[in-house]
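Visitor: I would like to learn how the features of a model are read. Could you take me through them one by one?

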Amino acid sequence: MQQHRALILRSNRFLGSSLVNEGLISSADLNAANDTFMAAIQSHESLKTASILSILIDELKVLDEAKLLDHLFEQHSLGLIDLNYMELSSLPIPDLDPSLCRACLSIPFDKVEQTYMVASCYYMSTPVVKHWETLLDGNIIWYATSIASMHQSLQRLENILTAKEVEQE
Amino acid sequence: MAHSVLILDDDADFNSLLTDIFKQADYVVRSLHDPFEAIEVFTNSDYDLVVTDHKMPGMVGSEFVAQIKQIKPQIPVIMVSGFLENDTVRELINNGVGGVFLKPLNIFSLLERTTELIDEAKRLKQNHELEDKHLSDGPAPGAEQDVNLGFSLRSFPGQSPQSVSFVKRLYRLRNFRSTLSLIGPPGTAFGLICDDIRSFYDREKEYFVYLSSSSFDTSKVLAQCEIAKQSGFERITCVLLDIEFMSDAQKCLAVSLAKCVDAFELIDQPLRTIFCVSNDLDTLFDEARINEDLYILMRTAEVKVPALRDCVANISILAQQIVRDIATQKKLTTVPRLAPAAEDFLAEQAWNHNYEQLHATLRYAMHQFSGDVISLDVLVTALQANMKVCSRDQLELMLAGVRLEYVQAISILSGDDSSAVAAFFGTDTTVIEAIVQ
């Protein structure tokens, strides 16, 4: 995860200020979340799960995830998706780095011709969008998904990739 | 007072059903079947919300919404339809439709959304009225009108879009609770902007402390806080200027200050921090000129300060302010004015070093020449001379920073023994103390 440390910092920083700018949380909420986030990122164990979004939704309970998803649908015209219903065993990127997906809570889950479908909890964070656009040559249809759906799918994805590695050995 | 709703649906039965639903919920309802008539009625009357069908003869709902949004964009609209493609729903939402309901209707959701939209529109209207009250009277640098508004626009007096947008954002964020970051190009008048921020509050209650790399340390902050406490100020705002040029220790101290922890834990009064930097935060972070803590902390509430060249209308007003200030300092009997050609010349310059360059140029002009009118020639000469002075000043500033860091490093190594430091540099203690001060 350390290789994605800068991306984690940047994506969370931008997400936090986007949430403030779009009126979903207050600056005081973000301040409180930042403190917890910085403590998490400085610990080697919790870096993997360090997320401003999780802190705001689950720990501080100052952001209603349903409202955030509504906002993404209404203001950003994003489709909503539950990744639990998606097949992850044949992902569109063969050498996908699961730690990158975890770093920015995003999974490219499908590809139609040259267009990738990416589900993300961090669409409102410009560095995340730019990172994937650069990685996938810019042809992306974005979907919003819940944190629970994302975490379950990341776990599933990691299990699939581990099983594949074992199989190859 | 009951809210009013305009209903448009060519289907008489469904129109009647919608009318009943809203009437039962105590709304004043006007029902229409023809979109063209609805536009006319909407234009000439006041409604709190519009409910419209999508598929209608002569004009589809999206066209109707586009037209009424041009007339009164603030009035919320709900679309009710039998079937809509996802793309159409997205397009409608993008065009300002506040809710899309498909038949069969969920009456409770429809009424709930209606209440939300009307409340939201009322709140927005109140906010706009408040903003207009504060900002619509235009610039009046230093004038009494500004005092009446409760804040001054001295640092950004013009009405260019960038200038107005900056002032509005600054004003909106005036009640920041812990940190505010001002990110401006080199030469930005951070001091002047912070004076403007200070004027948003009661000067008797708000204490501002300005700290730079040469003056920021624990004892200084604590001493200032004590002065503020003794003088009865209710809140302290610490302005950290050019934080990217501070030492690593000072940057860590800045984090502690902003969080009110460690040495600053015992400060009684509420304390806030304003960070001033002359570069984009991502660039500063990439170049390791701010640490992770600062990077996150500074993003909580940030305001980008526009460059002087992007606010051309400000230049002439700021120039007159500067001339007036210098004339007061020099105790001149009359305040010189800028010749029209000189004003035009100022407006045409790039001002790469922003306010500081403008200030230095005018100071040079007024130092070198006397008279009631500052001519174009005088300004051209002053700007050329100032360009040379600018680079020398910058070099001296950089060298002074390096010297301070060097002295501080030796001081730490020698256990804060000023005689040992003085001996190391082959000078006396007064010189060392003057550098550190």
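Visitor: Which residues of the largest nonpolar core touch the most other members?

Guide: A nonpolar core is a set of buried Ala, Val, Leu, Ile, Met, Phe, Trp, Tyr and Cys residues joined through C-beta atoms within 7 Å; a residue is buried if 20 or more other C-beta atoms lie within 10 Å of its own, exposed if 12 or fewer, and partly exposed in between, with C-beta atoms placed from the backbone. In this case the largest core has 115 residues, and those touching the most other members are B:Cys238, B:Val239, B:Leu240, B:Ala254, B:Cys276, B:Ala319 and B:Leu358. Apart from it lies another core, of 25 residues, including B:Leu18, B:Tyr47, B:Phe64 and B:Leu84.

Visitor: Before we go on, what kind of model is this, and how are its parts numbered?

Guide: This is a predicted model, in which local features need pLDDT of at least 70 and side-chain atom pairs count only at pLDDT 80 or more, while totals for chains, interfaces and linings use all residues. Residues are numbered from 1 along each chain as its sequence is written, and chains are lettered from A and ligands numbered from 1 in the order in which they are written.

Visitor: With which residues is B:Cys276 in contact, leaving aside its neighbours within four places in sequence?

Guide: Two residues are in contact if their C-beta atoms, placed from the backbone, lie within 7 Å. By that criterion B:Cys276 is in contact with B:Leu182, B:Phe190, B:Val239, B:Leu240, B:Leu241, B:Asp242 and B:Ile243.

Visitor: How many helices and strands are there in chain B?

Guide: Helices (H or I, at least four residues) and strands (E, at least two) are DSSP runs, numbered from the N terminus. Chain B has 18 helices and 12 strands, and of its 437 residues 33% count as buried. Among the contacts in chain B with a separation of 6 or more, 68% are accounted for by residues 24 or more positions apart.

Visitor: How many residues take part where chain B touches chain A?

Guide: Here 16 residues of chain B are in contact with 14 residues of chain A. On the chain B side, α4 (86-94) and α12 (292-297) each supply at least two residues, and α12(B) gives the most, with 5 residues.

Visitor: What is the order of the strands in the open sheet of chain A?

Guide: Two strands pair if DSSP finds at least two bridges between them. The open sheet has 4 strands in the order β1-β4-β3-β2, with mixed pairing, and its edge strands, each pairing on one side only, are β1 (79-80) and β2 (106-112) of chain A. β1(A) pairs with strand β4 (residues 140-144) in the parallel sense over 2 bridges, with A:Gly79 standing opposite A:Tyr143. Strand β3 (residues 115-120) of chain A also pairs with β4(A) in the parallel sense, over 5 bridges, and A:Met117 has A:Ile141 as its bridge partner in β4(A).

Visitor: Why does A:Gln152 count as partly exposed?

Guide: A:Gln152, which lies in helix α7 (residues 147-168) of chain A, counts as partly exposed because it has 14 C-beta neighbours inside 10 Å.
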